[in-house]
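Reader: I would like to learn how to read features of a structure one at a time, with the general idea ahead of the particular case. Could we begin with a helix?

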Amino acid sequence: MTVRLRVLATGPLALVQDEGRPGLTGVGVGRSGAADRTAYALANRVVANPPGLAALEVTLGGLEVEVLGGSLTVCLTGAPAPLFVDDVPAGTHAPVTVPEGGHVRVDPPPVGLRSYLAVRGGVDVAPVLGSRSHDVLAALGPAPLAEGDELPVGPTPPEHPAVDQVAPPRYDDDPVVLRAVRGPRDGWVEDPDVLVATTWTATERTNRIGMRLSGGAVQHAEGAGELPSEGVWRGAIQVPPNGEPVVFLADHPVTGGYPVVGVVVDADVDRAAQVRPGQQVRFRWVSGA
Amino acid sequence: MSAPTFLPYGDAGVLVEVDDTAAVLRWSDALQAHRPAGVAEIVPAARTLLVVAEPGADLTELRSALGALDVPNSGAVEDAGPDAEVIEIPVHYDGPDLADVAQLTGLSEDEVVAAHTGEPWRVAFGGFAPGFGYLSGGDPRLEVPRRDEPRTRVPAGAVGLAGTSSGVYPRESPGGWQLIGTTDVALWDLDRDPPALLRQGALVQFTVAQSPGAQR
């Protein structure tokens, strides 16, 4: 009998995620994949999975799964959500063994937005276009988890977990400071420095497509006109005509027509994916390569 | 043709800005033929190509490799080369905006159809939705603005015009293009390999569908 997870509760949003779908932008399909790639990769590493196996991305906790068909080693990373195995507190950022029939519960995290639950062997649902990631914009990949789902777990990898615990990240910085490189379309707004001079607030409309900000306006330049569609990427800070920036995350569109005034450096994009609605954000210009 | 401009795109890549969509396709073809080391992804668009680097790649080196790329100076959108795939899309020219397009272009409805089917288009880039291709080239008389009010529901298979582009909606979605017809051809089918009918660089020939269209 293969090991599997039965979903008992999902919280606001729980998704299967992996490294996404590279190389398909030409047919209008973006990369997608785990929103916080660092936390996702770390969870896999702790349970000694090879890179790329699918894990669960849990937004603001609320996930409960039952382990069926055998015992299972799991690891929770990312937003430090309290983890319970059969109602007993368990450690995050560490391998945890769950007995057959055991219940794993992920409560809402005090800080951060997305937690990653890796299972040894990976979540083995059917891939779509080479990936098990759910892309909310393209509506591709495994459906969001629902109560009653049964998720198969892949075969146990040959490597064994080699660590007891890894350092958890900190998500309590306030405001969150994201480094960004100016351009490519900073000339299309009146004053791109409004971006770094303003303390922004992440809005309730923040999702896997982008972190939407309010609290000021980066005005479009007089007579700037309309920009022909151009490619966008994770970390791009796009400014629509209302002046409120959007930082694109994992499920961003492939192309867009609003000016991108700056691009968050790759190392800080994962931090952006952990910003909760209502939290404050500032940007700091850094030079590119 | 003027030299391309290399614009910064964070520490993730370079945005290559060129003269027009024909130049994008020439660049795209050149990058397919000689992909510089350290390139993770290439996203062509109307007048730009976003070149995304592999993590840790040296952007300065990438920029010089792009600058040294051998890209032809001329060639029209339709110059897809002798091996280019030609995709035929039969269309029922019964779209709700056909009369508006005729009025906007000063052509009769029949002339709009003749113009749309008269010359091949080329898939310049993707985006908007899985399977959607922005088609360039075609008859320049068909340039029309987007609709003032986007429709909340455009059916799958709707064939539209906007700006200098044409396109076919792969699935039901909102949309602001001027709709001139519909096709029964599936633009996106996950059970097909590859799922997208239109791939960047391919030629598209619209034809007048002979059989009566499915009721929509």
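This is a predicted model: local features need pLDDT of at least 70, side-chain atom pairs count only at pLDDT 80 or more; totals for chains, interfaces and linings use all residues.

Reader: Which residues of helix α1 of chain A are buried?

Author: In this helix, which covers residues 37–46 of chain A, the buried residues are Ala39(A), Tyr40(A), Leu42(A), Ala43(A), Asn44(A) and Val46(A).

Reader: What caps the N-terminal end of α1(A), and where is a positive phi found just after α1(A)?

Author: The cap is Asp36(A), a side-chain oxygen of which lies 3.2 Å from the backbone nitrogen of Thr38(A). Just after α1(A), a positive phi of about 60 degrees is taken by Ala48(A).

Reader: Which peptide bonds are cis, in chain A and in chain B?

Author: In chain A, the bond from Asp174(A) to Pro175(A) is cis, with omega near -5 degrees, and Pro175(A) is placed in the loop between β11 (150–152) and β12. In chain B, the bond from Asp193(B) to Pro194(B) is cis, with omega near 0 degrees, and Pro194(B) is found in the loop between β12 (178–182) and β13 (203–208) of that chain.

Reader: How is the size of an interface described, and what is the area buried between chain A and chain B?

Author: The size of an interface is often given as the accessible area lost when the parts come together. Between chain A and chain B the buried area is about 2,600 Å², with carbon and sulfur atoms giving 63% of it, and the contact takes 34 residues from chain A and 37 residues from chain B.

Reader: How many salt bridges and residue pairs in polar contact are counted between chain A and chain B?

Author: There is one salt bridge between the two chains, formed by Arg185(A) with Glu17(B), whose closest N and O atoms are 3.0 Å apart. Eight residue pairs are in polar contact, both residues of each pair being at pLDDT 80 or more. On the side of chain A that touches chain B, β12 (176–182), β15 (230–231) and β19 (260–264) each supply at least two residues, and the residues of that side divide into 21 nonpolar, eight polar and five charged.

Reader: Is Asp97(B) buried or exposed, and with which residue does its side chain make a polar contact?

Author: Asp97(B), in the loop between β5 (86–91) and α3 (98–105) of chain B, counts as buried because its relative accessibility is 1%. Its side chain makes a polar contact (3.0 Å) with the side chain of Arg147(B). Leaving aside neighbours within four places in sequence, Asp97(B) is in contact with Arg147(B), Arg151(B), Trp177(B), Gln178(B) and Leu179(B).

Note on methods
Residues are numbered from 1 along each chain as its sequence is written. Chains are lettered from A and ligands numbered from 1 in the order in which they are written. Side-chain values use heavy atoms; hydrogens and water are left out. Contact means heavy atoms within 4.5 Å. Buried area is the accessible area (1.4 Å probe) that two parts lose on being put together, summed over both. A salt bridge is a side-chain nitrogen of Lys or Arg within 4 Å of a carboxyl oxygen of Asp or Glu. A polar contact is a pair of N or O atoms within 3.5 Å; within protein, one must be able to donate a hydrogen and the other to accept it, and residues adjacent in sequence count only if both atoms are side-chain atoms. Helices (H or I, at least four residues) and strands (E, at least two) are DSSP runs, numbered from the N terminus. Ala, Val, Leu, Ile, Met, Phe, Trp, Tyr, Cys and Pro count as nonpolar, Asp, Glu, Lys and Arg as charged, and the others, Gly among them, as polar. Buried means under 20% relative accessible area, exposed over 50%, partly exposed in between (1.4 Å probe, protein chains only).
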